[in-house]
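Okay, hi everyone, thanks for making time.

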Amino acid sequence: MDFYFSLAQLIGVHTLLGLSAYIVLLTGQVSLAQAGFFAVGAYTAGMLTVLAGWHLVPALGASALSGAAVACAVGFPALRVKGLMLVIATLAFGEGVRLFFFNFDYQVAVDGIRLGPLGGEGFRQIRFFPENGWGTGEVMLFMWVFVIAAMALLWWFDRSRYGSVLRAVGEDELAAQSVGINLTAVKVSAMTVGGAIAGVGGGLYAHYTTHIEHSSFNILVATFAIAYPILGGLRNVFGTLLAVIFVQGFLVEGLRFMGDWRNLLFGALIVLAMNLRPSGFLGGRRRA
Amino acid sequence: MLADLIQNTLDGLSIGAAYALLALGFTLIFGVLRRANLSYGAAIMFGCYCATWTHLNFGAGLLLLAAITVAGTVLAGAYVERLCFAPHRGGSMIAAMVASFALWMQFEELVTLVMPTHLYAFPALYEGAPLAFGPYTLRVDALVMFGAAIAACALLWGTLYRTRFGLAVRAVTEQPAAASLAGINLPWVYVRVFALASAIGGVAGYLVVASHGQITPMLGMWSTLKGLLAMMLGGLGSLPGAVVGGLALGLLEAHSQWFLGPQLRDLIAYLLLFVLLAARVPWMHTRSAS
């Protein structure tokens with residue numbers, strides 16, 4: 001049973017990562033910076049629980065705030081460019097964050113053991129769950145509270161005026177601007193919400209693996225973040241969830257019996273899915 | 001101090017020549033297809049591993065290895081084009097990007113399955129000591145890299161501006177719809193451009209691997225990132241820009257490594273790119289870019 005709980009935890013973390021890219025994609029922007037916000041959230045929550053002795057819940061709040069703050073700060077300059085330029089600008093930012101953490105040392109002695117991020121070796125011993133005696137089932141439930149909250153938030157956005165504004169910008173920027181929508185405000189706000197969701201996801205991820213390092217936040221993670229909503233389609237949030245279950249549940253775990261050849265099929269199936277349904281599993285009429 | 005600066009400049013230009021070659025291939029694909037090909041570096045890595053495999057099993061001369069690298073890269077490029085770019089013509093840019101990302105993982109996986117050791121030796125281009133000019137040294141393989149970059153540029157220029165195929169490529173780059181109306185077979189141009197870009201990537205990959213004398217699966221990510229950086233620094237879709245961007249990236253890395261240390265070297269390059277992009281410096285924003 002622990003295996004399934006653990007798998008559900010992984011799916012939860014990746015769903016948050018995918019959702020953070022989903023809301024940015026709604027405005028028609030492709031961002032490879034989500035792994036950077038994910039990293040900021042992971043290091044923030046990890047340092048607060050391990051070094052400052054905070055409880056996980058306020059630490060996750062701090063993760064969300066720091067992710068949102070960084071996303072907002074990056075969004076203003078980055079979202080001035082579009083299309084491939086934005087992809088590269090956000091990629092540069094994401095790699096910059098990764099390299100920052102590659103060089104980031106901040107160790108403090110806690111109970112005689114030096115803990116904290118140590119450059120390339122990463123940040124070990126983020127042991128909030130085992131220290132407080134949480135079982136895998138409880139951890140899974142705890143994580144899914146956040147996943148469901150994020151999904152509900154985005155679902156509500158989609159139903160509200162704000163969601164229509166986001167999609168209007170994604171559909172046709174010129175038309176949206178001509179009816180008085182402030183493009184910068186809409187895009188930066190979407191990026192900020194995405195940053196907050198990625199921050200929470202990162203905080204949960206740090207405590208799920210107990211060990212984070214710079215390579216956990218590389219361009220592969222960033223591309224996975226946008227691959228989920230693209231595979232699932234942008235019609236609603238369930239597309240992203242479905243895509244995460246398809247990739248992490250079916251392709252990674254379900255095909256494990258195939259051994260080493262699994263990843264070759266993995267790539268082929270993603271390509272096949274993209275070719276058969278270019279606008280995603282639950283894709284609507286619009287294409288990103 | 002001055003001697004160090006000059007030596008760093010020489011080193012920067014040497015590695016910059018490799019970046020310039022990578023960026024040329026990237027620019028060609030981007031300029032014509034307007035698509036980001038994330039598996040470009042992975043295809044290059046695949047080609048280099050084909051050569052490594054041949055070297056380990058049969059032993060082969062340098063020229064033959066170079067030919068195998070290029071052939072392997074073109075083959076991998078054809079696979080990428082068929083699966084990721086042919087189905088999405090006129091469709092979404094991002095579906096093609098996600099698909100090319102999936103193939104990147106496939107190439108890495110295939111390579112580690114067939115050749116499981118992380119690091120393989122690759123026959124070096126030149127074994128002897130570097131050339132010395134007074135206090136400065138210059139590696140012979142760097143000179144070869146320079147020569148190859150210049151030759152590739154010249155060839156590419158000749159192809160683009162002196163042949164019918166080049167005319168078709170330029171027409172498609174300017175106005176795909178008009179080019180199609182004028183009777184240019186668009187898929188035909190796309191496929192050949194992809195092959196050409198892959199061949200340039202193969203040459204770049206071979207030279208990089210042969211001058212390092214070793215190969216790891218990280219080569220894929222390395223060449224994608226360096227090629228993208230160099231292409232962007234020089235301005236999207238411009239061939240001279242790609243060369244200048246490559247050399248500039250090499251110089252920037254060499255000097256920032258000297259002044260700030262190796263850890264900050266890569267960080268500086270990404271920061272500069274981000275700032276330049278966000279500041280919308282004019283040369284980066286050609287019409288084809290947005």
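So, at what angle do helix H6 and helix H8 of chain B pack? Before I answer, please keep in mind that this is a predicted model. The angle comes out at about 105°, and the two axes are 10 Å apart. H6(B) covers residues 164-174 and H8(B) covers residues 186-212. At that angle, H6(B) and H8(B) are therefore roughly perpendicular to each other. On the H6(B) side, the contact is made by B:Phe165, B:Ala168, B:Val169 and B:Val172. Facing them from H8(B) we have B:Leu186, B:Val189, B:Arg192 and B:Val193. If you sort the residues of that contact by class, you get 7 nonpolar, 1 charged and no polar.

Okay, zooming out to the two chains. How many residues of chain B are in contact with chain A? There are 36 of them, and they meet 37 residues of chain A. Helices H3 (62-85), H4 (93-114), H9 (219-234) and H11 (262-278) of chain B each give two or more residues to that side. The largest share comes from H4(B), with 12 residues. By class, the chain B side has 27 nonpolar residues, 6 polar ones and 3 charged ones.

Let's stay with one of those helices, H9(B), for a moment. Its 16 residues reach 22 Å from the first C-alpha to the last, which is close to the expected 22 Å. H9(B) is also mostly covered, with 14 of its 16 residues buried.

Is B:Pro262 buried or exposed? It counts as exposed, because it has 10 C-beta neighbours inside 10 Å.

Next, the inside. The largest nonpolar core has 200 residues. Those with the most contacts inside that core are A:Ala89, B:Ala20, B:Leu21, B:Val98 and B:Ala99. Take B:Leu21 as an example: leaving out residues up to four places away in sequence, B:Leu21 touches B:Ala148, B:Ala149, B:Ala152, B:Ile200, B:Val203 and B:Ala204.

Over in chain A, have a look at A:Leu241, in helix H11 (residues 237-254). Why does A:Leu241 count as buried? Because 22 other C-beta atoms lie within 10 Å of A:Leu241, and 20 or more is the cut-off for buried. A:Leu241 touches A:Thr15 and A:Met151, again not counting residues up to four places away in sequence. A:Tyr228 is 13 residues from A:Leu241 in sequence, and their C-alpha atoms are 7.9 Å apart.

Which way does phi go at A:Thr210, positive or negative? It's positive, about 65°, although A:Thr210 is not a glycine. You'll find A:Thr210 in the loop between helix H9 (183-209) and helix H10 (219-232) of chain A. With 16 C-beta neighbours inside 10 Å, A:Thr210 counts as partly exposed.

B:Arg34 is no glycine either, and its phi is positive, about 55°. B:Arg34 sits in the loop between helix H1 (2-33) and helix H2 (40-57) of chain B. B:Arg34 has 17 other C-beta atoms within 10 Å, so it is partly exposed.

That's my tour, thanks!

Note on methods: Residues numbered from 1 in each chain as written. Chains lettered and ligands numbered in written order. Predicted model: local features only at pLDDT ≥ 70, side-chain atom pairs only at ≥ 80, totals over all residues. Axes fitted to C-alpha atoms, helices over the stretch in contact; angles between N-to-C directions. Helix = DSSP H or I, 4+ residues; strand = E, 2+ residues; numbered from the N terminus. Parallel < 35°, antiparallel > 145°, perpendicular 65-115°, else oblique. Contact = placed C-beta atoms within 7 Å. Nonpolar A, V, L, I, M, F, W, Y, C, P; charged D, E, K, R; others polar. Expected span 1.5 Å × (residues − 1). Buried ≥ 20, exposed ≤ 12 C-beta atoms within 10 Å, placed from the backbone. Core = buried A, V, L, I, M, F, W, Y, C linked by C-beta atoms within 7 Å.
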